[in-house]
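Please walk me through this structure, element by element, and state the criteria behind each term.

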Amino acid sequence: MKHYLFTVILLLFACIAKADVIREINSPDGSIRLVVSVNNRLTYSIFYKSQQLVSPSEIDIILSDGKKLSDGLANPAFSQRSNKSVIISPVPEKRKQIPDEYTELSLTLTNSFGVIFRVYNDGMAYRIITHFKEDIQVKDEVADFHFPVNHQVYFPKVVPDSKMDKYHTSFEELYTVQAMDSISTNDLFFTPVLVAPERVPKVAITESDLEDYPGMFLTGTRSNALRGDFAPYPAEETESNELYSLKYVTNRADFIAKTKGSRVFPWRVLMIAPQDKDLPANDLVYRLASPSRVADVSWVKPGKATDEWIITSNIFNVPFKSGINTETYLYYIDFAKRFGFERIMMDAGWSDNNDLFKITPGIDMQKITSYAKSKGIGVSMWTLGLTLEKQLEPALDQFNKWGVDFIMTDFFNRDDQKTVQLFYKIAEACARHKLMLMFHGAFKPAGFNRTFPHAIAREAVLGSEYNIWSSKVTPEHNLRLPFIRMLAGPLDYEPGMLNNATVQGFKPHSENVMSMTTRTQQLAMFVIYESPIQFFAGNPSQGFIEPKFMEFLGGIPTVWDDTQVLDAKVSDYIVTARKKGKTWYVAAMTDATARDLTIPLDFLEAGTYTATICKDGVNADKYPADYNISTATFSKKDVLKIHLAPGGGYVIRLVRK
């Protein structure tokens, strides 16, 4: 009897083992190994040089009619291929030529589901595919991320609005740092999220190619795992009726999306960084996004712009009353022309928020646009998202008549399927009208800027504007953004504050807005933070007083031929080198700790370089507006010795002779 039972147990284990189907693929350089396991569940594991980074994590999708991917795992079919190509970016926030090299494993199931896996030298991604003739309704998706150890996690926790459900957020939060097993299912956070092991590579989790589907939030599990969470489909909506009104959901359906039956779903992306400096240099999200749907992008003109909203148009040394009026905007046009900016922004207040055709008294649009054109300066306009949605085509026609080349649209605060669809609708309309576009109060880009190169950047960041009313924008926060938020695509932080304070001396002040950094860190942000359209949020009246500084700032490009992150540590410091033509810019930023860094210039090409340097002044630790501009000569054999004050920065421009 015992022998019989033993035999039965062996047969059961044999059946189970036989049912397991394992496939492995490696990154092109062999450093990353993906293991896909098919039994009663579909899971994947990730290894870096034999070290396990991600333990078995489940993939599934469940339709409202009961069909699910995991029901078709009995007879999986696999195919494999490799790719080695180069993507040419028309609006290169990191580099113009982007190597796209990966190993791909496709899993096809008998029940019209499948999964595509890709392994790159700097990460792994997967996406679900379906092949149904009729439309489908997705009840839920299982996107689990399990780890073998209880790592620290950097995550932006959603702070719910008392009037709205938990899926409403401006996507502007500080990064909380906690042990993974202390994060509960009640903690909802948006991506990117950074998992930070002590001894193995860091892993950033996000998504790419988000289309016709809700964005992926994450929650904790009180264990060594994070789990995807998706906003249910909006069944009923209403308007908030406030200064900046938005549409919010009052009732949600019991499914997350209704969509085409034959389609690919968004990529679930895990970026893998053996060194901290590998994170800001990673452009995996861009590589995974759908190629451009805009045939001609010759009209897309990146560059720098002024913005008056943060300082509330509070200029000085002028013979007129400053504010939202014609004289103030003409002044901004003169400032832009003087210091090499491409355009000005007319931010919130130029019209009635709820009607883009009700121009604010005191504004002469014809005079402003004619003067800007005579100076070769573009005009950009802010819009409320809800209003733009209602007046989309007539508003874009009017912008074309005024000669406006760029619009910002704001206050969406959602990423459910309806909102994602709206973003595509607005981007397609702007492409037809040849208008560049930026979303504020919005979810991360997730590769949108590759598919629509005129959608040139995205907010989705706690940036300069928070200096108006809070003490949240600390040097430490600034030193987390390149390693987390920037992984999802260009960000609109709006640097350039010319009123600078120490951490101890900082106070939120709406009429005299200051930064909790040195002047030079504000300058360094124009190099380190990626955005093909950089907004200068400082006071132009102060800028006119300091022309040498503003000429340096005005000359910084916003798109780049190449990028190298030379040295970095999450939350602490970063040194980034970017190239445009024959010119390199090297910029550094530190948190609230003063630092001395040594940076070899061996990345330069051979030759002699004329350098212009802007660095923290000797008294910047107590008077953060103190800086020094000097010149020197360097070659690739030289080494930079950089001293950074607390909250400090450094920028050097190297022009090859």
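How near do the axes of H3 and H12 come, and at what angle do they cross? The model is a predicted one, in which local features need pLDDT of at least 70 and side-chain atom pairs count only at pLDDT 80 or more, while totals for chains, interfaces and linings use all residues. Residues are numbered from 1 along each chain as its sequence is written, and side-chain values use heavy atoms, with hydrogens and water left out.

The axes of H3 and H12 come within 9 Å and cross at roughly 75°. Axes here are lines fitted to C-alpha atoms, for helices over the stretch in contact, and angles run from 0 to 180 degrees between N-to-C directions. H3 and H12 are therefore roughly perpendicular to each other; angles under 35 degrees count as roughly parallel, over 145 as roughly antiparallel, 65 to 115 as roughly perpendicular and the rest as oblique. On the H3 side the contact is made by Phe 335, Arg 338 and Phe 339, and on the H12 side by Pro 547, Met 550, Glu 551 and Gly 554. Contact means heavy atoms within 4.5 Å. By class, this contact has 4 nonpolar, 1 polar and 2 charged residues, where Ala, Val, Leu, Ile, Met, Phe, Trp, Tyr, Cys and Pro count as nonpolar, Asp, Glu, Lys and Arg as charged, and the others, Gly among them, as polar.

H3 itself covers residues 326-339. Helices (H or I, at least four residues) and strands (E, at least two) are DSSP runs, numbered from the N terminus. The 14 residues of H3 reach 20 Å from the first C-alpha to the last, close to the 20 Å expected at 1.5 Å a residue; the expected span is 1.5 Å times one less than the number of residues. Of these 14 residues, 10 are buried, so H3 is largely enclosed by the rest of the structure. Buried means under 20% relative accessible area, exposed over 50%, and partly exposed in between (1.4 Å probe, protein chains only). Among the buried residues of H3 are Tyr 329, Leu 330, Ile 333 and Phe 335. The buried residues of H3 pack against strands E22 (303-306), E23 (343-346) and E30 (533-536), and against helices H4 (365-375), H11 (540-545) and H12. Just after H3, Gly 340 takes a positive phi of about 85°.

E22, E23 and E30 also belong to an open sheet of 7 strands, in the order E29-E28-E27-E26-E23-E22-E30, with parallel pairing. Two strands pair if DSSP finds at least two bridges between them. The edge strands are E29 (455-458) and E30, each pairing on one side only. From one strand to the next, the twist averages 25°. Within the sheet, 5 bridges join E26 (residues 378-384) to E27 (residues 406-410), and Ser 380 stands opposite Phe 406 in E27. Helix H7 (residues 417-432) packs on this sheet, touching E27, E28 (436-439) and E29, and its direction makes about 160° with that of E28.

A second sheet is open and antiparallel, with 6 strands in the order E31-E32-E33-E38-E35-E36. E31 (562-569) and E36 (627-634) stand at the edges, each with a single partner strand, so one side of each is left without a neighbour in the sheet. The twist averages 15° from one strand to the next. E33 and E38 are joined by 7 bridges, with Val 651 in E38 as the bridge partner of Ala 587. Another 7 bridges join E35 to E38, where Ile 613 stands opposite Ile 652. E35 (residues 609-616) is joined to E36 by 8 bridges, and Ala 611 stands opposite Ala 632 in E36. H12 (residues 547-554) packs on this sheet, touching E33, E35, E36 and E38, with its direction at about 120° to that of E35. Helix H10 (residues 519-528) lies across E32 (573-580), E33 (583-590), E35, E36 and E38 (649-656), running at about 125° to E33.

Two further residues can be located by their surroundings. Thr 219 lies in strand E15 (residues 216-220) and counts as buried at 7% relative accessibility. Ser 31, in the loop between E1 (21-26) and E2 (32-38), counts as buried at 9% relative accessibility. Leaving aside neighbours within four places in sequence, Ser 31 is in contact with Phe 47, Tyr 48, Lys 49 and Asn 121.
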